[in-house]
Amino acid sequence: QVQLVESGGGLVQPGGSLRLSCVASGFTFSNYQMRWYRQAPGQERLQVAFISRLGLTTVYADSVKGRFIISRDNTKPTMYLQMNDLKPEDTAVYFCSAERVRGSGPEYAWGQGTQVTVSS
């Protein structure tokens, strides 16, 4: 059974930090490139960060560049999002997604999301 499970969200003050995790199971993690998305209430889901299957390439949305760091450990297999200098506008539900780029298995997978709230 293909599964992505996010964790690490919560309530944090502006300027604080959080580290999100996305644990994968049921597929060959290293065959998938991964993304973090976020969705604020009443808004569309937007891509926050991307990481290639071996972690050699990362891409960030302009709104988080220099504050967020995406990484992965294919031996775990887990993806992370280190979020620093958080701002109220970072408040959203954060989702991880997987996209297969080689081998067999489901083409896409999504996690259920974890809430991040930045407020004083």
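Four strands form an open sheet in the order S1-S3-S8-S7, with antiparallel pairing. Strands, like helices, are DSSP runs numbered from the N terminus (strands E, at least two residues; helices H or I, at least four). Two strands count as paired if DSSP finds at least two bridges between them. S1 and S7 are the edge strands, and each pairs on one side only. From one strand to the next, the twist averages 15°. Axes are lines fitted to C-alpha atoms, for helices over the stretch in contact, and angles run from 0 to 180 degrees between N-to-C directions. In general, strands of a sheet pair through backbone hydrogen bonds, either parallel or antiparallel.

The model is predicted: local features need pLDDT of at least 70, side-chain atom pairs count only at pLDDT 80 or more, and totals for chains, interfaces and linings use all residues. Residues are numbered from 1 along each chain as its sequence is written, and side-chain values use heavy atoms, with hydrogens and water left out.

The sheet can be followed strand by strand. S1 covers residues 3–7. Five bridges join S1 to S3, and the two run antiparallel. One of the paired positions is Leu4, whose bridge partner in S3 is Ala24. S3 (residues 18–25) also pairs with S8, again in the antiparallel sense, over six bridges. Here Leu18 has Met83 in S8 as its bridge partner. Asp73 stands opposite Thr78 in S8. S7 and S8 form a hairpin, with four residues between them. S8 (residues 78–83) is mostly covered, as five of its six residues are buried. Buried means under 20% relative accessible area, exposed over 50%, and partly exposed in between (1.4 Å probe, protein chains only).

Leu4 has a relative accessible area of 3%. Leu4 and Cys22 are 18 residues apart in sequence, yet their C-alpha atoms are 6.2 Å apart in space. Contact means heavy atoms within 4.5 Å. Leaving aside neighbours within four places in sequence, Leu4 is in contact with residues including Cys22, Phe27, Met34, Cys96 and Trp110. Ser21 lies in S3. Ser21 is buried, at a relative accessible area of 15%. With neighbours within four places in sequence again left out, Ser21 is in contact with Val5, Glu6, Ser7, Trp36, Thr78, Met79 and Tyr80.

Aromatic rings were examined next. Rings of Phe, Tyr and Trp (its six-membered ring) pair if their centres lie within 6.5 Å; planes under 30 degrees apart count as stacked, over 60 as edge-to-face and the rest as tilted. By this rule there are three aromatic pairs. Tyr37 and Trp110 form a tilted pair, with 4.9 Å centre to centre and 50° between the planes. Tyr37 lies in S4 (residues 32–39) and Trp110 in S10 (residues 108–110), so the pair ties together parts that are 73 residues apart in sequence. Tyr37 is buried, at 17% relative accessible area. Trp110 is partly exposed, at 40%. Ring pairs also link Phe27, Phe29 and Tyr32 into a cluster.

Charges over rings complete the description. A charge sits over a ring if NZ of Lys or CZ of Arg is within 6 Å of the ring centre and within 35 degrees of the ring normal. Arg19 lies over the face of Tyr80, at 4.0 Å from the ring centre. Arg45 lies over the face of Phe95, at 3.6 Å from the ring centre.
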